[in-house]
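Morning, everyone. Let me put the model up, and then we will walk through it.

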Amino acid sequence: MQIFLDTTDTAILKDLVATGLIDGVTTNPTLIAKSGRNMLEVITEICGIISGPVSAEVAAMDVAGMLAEGRKLAALAPNIVVKVPLTREGLTATAEFTAEGIQTNVTLCFSAAQALLAAKAGATYISPFIGRLDDHGANGMDLITEIRAVYDNYDFDTEILAASIRSPQHVTEAALAGADCATIPPDVFLALFKHPLTERGLQQFMADWAKTGQSIL
Ligand code: E4P
């Protein structure tokens, strides 16, 4: 499963890209607002930090506006993925972006029927929002399972990008459900490394190694 970071914090991104485990980045208008920076500047900087896909979201609600904004964003760097909302207008724009060879990430997906339409529009990625469905009283992970089955039934190439991830458990469950990618907040990514038994085991190994008085180098 590919791991994307859901962030506009370029300092954190640089630090975590150095692990060699990050495949791409997603952003959204809320994260741009949180950065306090100009969107075009921050997206261009992110594309300089990572060569994998970087999702940049349009703000227009109408097709012509989405197309104009998406083309401008796509021209920023070759690894830009234009993020569009899952609306009728968004999917009309997605079909046009697909015809133009521009990669797309259809966001705010909350049903398998919506995901089916996005795949028919040729979306590169579909972003089902797991955590927000859980918040709404549903089981977000069931949506990943349903979309996986629908896409496999018809051999759609659209990649399932599990989004709105809130915990390491979400990451595990998305992987088990067959998501192609997950976009993860930095704090959840860092939590993926941790297990109390790893820490306890390492402490014991280091204590025993010290008793040997040896050095490998
Ligand atoms: C995905 O593309 C979104 O940016 C993100 O995952 C939304 O997560 P949230 O529900 O925690 O805001």
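One term before anything else. A polar contact here is a pair of N or O atoms within 3.5 Å; within protein, one must be able to donate a hydrogen and the other to accept it, and residues adjacent in sequence count only if both atoms are side-chain atoms.

Now the ground rules. This is a predicted model, where local features need pLDDT of at least 70, side-chain atom pairs count only at pLDDT 80 or more, and totals for chains, interfaces and linings use all residues. Residues are numbered from 1 along each chain as its sequence is written, and side-chain values use heavy atoms, with hydrogens and water left out.

Start with threonine 26. Threonine 26 belongs to strand S2, residues 24-26. Strands are DSSP runs of E, at least two residues; helices are runs of H or I, at least four; both are numbered from the N terminus. The side chain of threonine 26 has a polar contact of 2.6 Å with the side chain of aspartate 6. Another, at 2.5 Å, goes to the side chain of threonine 183. Is threonine 26 buried or exposed? Buried means under 20% relative accessible area, exposed over 50%, partly exposed in between, with a 1.4 Å probe and protein chains only. Threonine 26 has a relative accessible area of 1%, so it is buried.

Hold on to aspartate 6 and threonine 183. Both are among the residues around the ligand. The list runs Asp6, Asn28, Lys83, Phe129, Arg132, Ala163, Ser164, Arg166 and Thr183.

Next, the distances. Lysine 83 puts a polar side-chain atom 2.6 Å from a ligand oxygen. For serine 164, a side-chain N or O atom is 2.7 Å from an oxygen of the ligand. For aspartate 6, the corresponding value is 2.9 Å. On its own, the ligand has 350 Å² of accessible area, and the protein covers 85% of it. Those areas come from the Shrake-Rupley method with a 1.4 Å probe; for residues, only the protein chains shown count as cover.

Where does the ligand sit? In the largest pocket. A pocket is found on a 1 Å grid over the protein atoms alone, as an open set of points with protein on both sides within 12 Å along at least five of seven lines. A molecule sits in one if more than half of its atoms lie within 2 Å of its grid points.

Back to serine 164. Serine 164 is in the loop between strand S7 (159-162) and helix H9 (168-176). Its phi is near 55°, a positive value in a residue other than glycine. At 12% relative accessibility, serine 164 is buried.

Leucine 108 also has a positive phi, near 65°. Leucine 108 is in strand S5, residues 104-109. With a relative accessible area of 33%, leucine 108 is partly exposed.

Now the whole protein. What is the count of helices and strands? There are 11 helices and 8 strands. The C-alpha atoms fill a box of roughly 70 × 40 × 30 Å along the principal axes. Of the 217 residues, 45% count as buried.

Last, some C-alpha to C-alpha separations. Valine 58 is in the loop between strand S3 (54-57) and H4. At 4% relative accessibility, valine 58 is buried. Valine 58 and glycine 90 are 32 residues apart along the chain, with 9.5 Å between their C-alpha atoms.

Alanine 75 is in the loop between helix H4 (63-74) and strand S4 (80-85). Alanine 75 is exposed, at 66%. From alanine 75 to isoleucine 102 is 27 residues in sequence and 9.7 Å in space.

Phenylalanine 205 is in helix H11, residues 196-212. Phenylalanine 205 counts as exposed at 58% relative accessibility. Phenylalanine 205 and phenylalanine 110 are 95 residues apart in sequence, and 47 Å apart in space.

That's the tour.

Terms used
A residue is near a molecule or strand if one of its heavy atoms lies within 4 Å of it. On a 1 Å grid over the protein atoms alone, a cavity is a set of points where a 1.4 Å probe fits but cannot get out, and a pocket is an open set with protein on both sides within 12 Å along at least five of seven lines; lining residues have an atom within 4 Å of a point.
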